[in-house]
Every structure is written in structure tokens, then in C-alpha cells.
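Subject: Structure handover

Hello,

I am passing on the structure we spoke about, followed by notes on what turned up in it. Please read the notes with the model open beside you.

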Amino acid sequence: MNKFLLFIIIIPLFSCGKQTKDSNNNAEQQVTKEDTTIKVELKRFDSISFDPKIARKLSNKEILSTFTKRTKRRFDIEDPIYQAYSYKDQSGEYYLLLSERFKETDEKNDTLYDQIKALNLSYRDKQFKKKSSIKDDIDKDWETSIGFWNKYSSLSDIDNDGLADLILVYGTMGQDGYTDGRVKIIIYHNKRRITIRHQNSDYDGRLTKISKKFYALPLQIQQNVKEKMRLMMKNKHAIFFKDWEAKMETNAISIDGL
């Protein structure tokens with residue numbers, strides 16, 4: 001009789017314990033899922049943030065009339081210019097052109113691109129001259145698409161020195177989306193080009209490479225870039241090493257780890 005009563009008591013306890021464990025597992029799964037959910041979608045036609053006092057965005061009609069077939073051939077622009085900006089500062093007048101090469105549309109109806117190009121032109125005496133350029137392709141072995149992340153790019157005079165500061169950001173998607181993609185941040189300041197390169201990974205570790213010239217930039221620009229990096233983390237487009245900010249405070253040029 002005592003054994004029978006003990007058996008009756010144990011069964012409900014075991015059942016409650018199992019339910020609690022299952023509930024905890026479900027909660028952990030929900031947290032994990034929530035943590036990896038993209039907070040803000042990156043869209044192809046997102047505009048670069050710019051100061052209207054020094055810059056403006058060109059309309060499609062202006063792009064077609066300003067950058068003729070002849071001009072595009074001269075600067076080796078083979079793909080459509082889908083966005084362009086003009087800006088002026090104390091050093092002169094400039095144009096920023098963004099182009100991309102269509103790859104395919106996948107089964108999810110996502111439009112994928114395999115190459116991007118940015119061109120920065122100076123304009124003087126009614127003539128264009130190349131100031132700088134960026135060109136990058138996907139790694140066909142593991143990346144699916146590449147694009148400009150204009151939501152994190154900006155064109156303004158951040159340090160108030162009379163010269164425009166361009167921060168241009170682009171990135172890729174891998175087989176697991178942004179989780180195994182890469183990010184590149186290019187900062188143009190006072191005729192200098194400074195880069196931050198980052199590789200996402202949940203398997204082999206994350207790696208961020210920072211040009212040592214970054215730490216010579218005015219503090220306003222450094223802080224602006226770090227804020228963009230924080231937003232990338234928040235929106236799940238980049239996964240930097242957990243102590244990346246502390247490492248950058250020590251002027252680290254290489255930050256890696258899970």
C-alpha cells in the first residue's frame with residue numbers, strides 16, 4: 001500500500017518537472033529566435049543620410065542627363081547608376097555615384113547582386129575627374145549577394161572643418177543571411193581613406209580589422225562610426241566581438257572572437 005501511494009506521488013512530480021524543463025527549453029528557443037531576428041530591413045533604395053546644406057540626391061532624370069553613355073564609358077561604368085549625390089565644400093564640387101550588377105532573383109523572390117561599384121568624381125570647369133572608386137564582388141563559394149547599406153552611410157561635415165566627410169558602408173549576405181556575411185566601412189576625411197573590415201561567423205569566430213589611421217581621425221568622426229556599428233549590432237546586420245568597444249578604446253587594429 002505504501003509503495004502504491006509513493007508511486008502515485010512520484011508520477012505528478014515527474015510530470016511537473018518535465019513540463020517545467022520543456023517550458024524552459026521553449027523559452028530559451030524563443031529568446032534565441034528573438035535575438036537573431038532582423039530589426040530593420042536594409043532596402044536597395046534606402047537613401048544615404050546627408051546634410052542638405054552641402055549635398056543633395058539626384059533624380060533619375062538628372063542621373064541620365066548628367067552621366068551620358070560617353071561619360072559612363074570614360075569612367076568604366078558598365079552597370080546602371082541607381083543612386084547619385086552631388087555635394088560641395090570648401091575644396092570644390094563633387095558627385096558620388098552608386099552602381100550594382102544584377103545577378104538573379106532567388107526562390108524567395110529576393111533580388112540578388114554580385115558586384116557593386118562606387119565612384120567619387122570632382123567637377124571643375126565643366127569636366128569630371130575621378131577622385132576615388134570602390135569595386136567589390138561576392139565570394140561565389142559562399143556569398144549570395146552584395147549591396148550598399150545606405151541606412152548606415154552618411155555625407156556631411158561631421159567635424160565642422162569645412163570639408164565633407166563621406167562614410168560609405170556596404171556588406172554581403174552568405175548562405176545564412178547576414179550571420180555569415182561581411183561588412184566594410186569606408187571613411188573619407190581630408191583626402192584620406194580609412195577602412196574597417198568585418199567578417200561575421202557563428203562557427204569560426206568573428207574578425208574585425210581596423211586601419212590604424214582610424215584612431216587619428218577627429219573624435220566626432222570616430223564616435224559617429226562607432227554609433228553606426230552599434231546600430232548594425234542592434235539591427236542584427238553585424239555581430240561584432242562582445243568586447244569590441246573596449247578593444248577599440250585601446251586602439252586595437254584586429255578584434256576577433258565569438
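Which element gives the largest share of the lining of the largest pocket? Strand β7 does, with five residues. Before going further, please keep in mind that this is a predicted model.

The chain as a whole

The protein chain is made up of 258 residues, and 43% of them count as buried. Its secondary structure consists of five helices and 13 strands. Among contacts with a separation of 6 or more, 54% are between residues 24 or more positions apart. The chain exposes about 15,700 Å² of surface, and carbon and sulfur atoms supply 50% of that area.

The largest pocket

The space in the largest pocket comes to about 1,000 Å³. Its lining counts 38 residues, and the ones closest to the centre are Asp110, Leu112, Ser145, Met173 and Tyr178. Two or more lining residues come from each of β4 (92–105), β5 (111–124), β7 (143–148) and β9 (165–174). Sorted by class, the lining has 15 charged, 12 polar and 11 nonpolar residues.

The second largest pocket

The second largest pocket holds about 300 Å³ of space. It has 17 lining residues, with Lys131, Tyr188, His189, Asn190 and Lys191 lying nearest its centre. The elements that give two or more residues to this lining are β3 (81–89), β6 (127–137), β10 (182–189) and β11 (192–199). By class, the lining of the second largest pocket has seven nonpolar, five polar and five charged residues.

The cavity

How many cavities of 30 Å³ or more does the structure hold? There is one, and the volume of this largest cavity is about 40 Å³. Its lining is formed by Leu96, Ala118, Leu119, Asn120, Ser132, Ser133, Ile134, Leu166, Leu168 and Tyr188. At least two of the lining residues come from each of β5, β6 and β9. Seven of the residues in the cavity lining are nonpolar and three are polar, with no charged residue present.

Two residues to look at

Ile167 is part of strand β9. Is Ile167 buried or exposed? Its relative accessible area is 0%, so Ile167 is buried. Beyond its neighbours within four places in sequence, Ile167 is in contact with Ser153, Ser154, Ile158, Ile185, Ile186, Ile187, Asn224, Val225 and Lys228. Ile221 is 54 residues away from Ile167 in sequence, while the C-alpha atoms of the two are 9.3 Å apart.

Arg206 belongs to strand β12, which covers residues 206–210. Why does Arg206 count as buried? Its relative accessibility is 12%, and the cut-off for buried is under 20%, so Arg206 falls on the buried side. The side chain of Arg206 has backbone oxygens within reach: that of Ile239 at 3.3 Å, and that of Ser201 at 3.5 Å from a polar atom of the side chain.

If you want a place to start, display β7 and the lining of the largest pocket, to which β7 gives five residues. After that, turn to Ile167 in β9 and Arg206 in β12.

Regards

Technical notes. Residues are numbered from 1 along each chain as its sequence is written. This is a predicted model: local features need pLDDT of at least 70, side-chain atom pairs count only at pLDDT 80 or more; totals for chains, interfaces and linings use all residues. Side-chain values use heavy atoms; hydrogens and water are left out. On a 1 Å grid over the protein atoms alone, a cavity is a set of points where a 1.4 Å probe fits but cannot get out, and a pocket is an open set with protein on both sides within 12 Å along at least five of seven lines; lining residues have an atom within 4 Å of a point. Grid points are joined across faces, edges and corners, and a volume is the space filled by probe spheres set on the points. Helices (H or I, at least four residues) and strands (E, at least two) are DSSP runs, numbered from the N terminus. Ala, Val, Leu, Ile, Met, Phe, Trp, Tyr, Cys and Pro count as nonpolar, Asp, Glu, Lys and Arg as charged, and the others, Gly among them, as polar. Buried means under 20% relative accessible area, exposed over 50%, partly exposed in between (1.4 Å probe, protein chains only). A polar contact is a pair of N or O atoms within 3.5 Å; within protein, one must be able to donate a hydrogen and the other to accept it, and residues adjacent in sequence count only if both atoms are side-chain atoms. Contact means heavy atoms within 4.5 Å. Accessible areas come from the Shrake-Rupley method with a 1.4 Å probe; for residues, only the protein chains shown count as cover.
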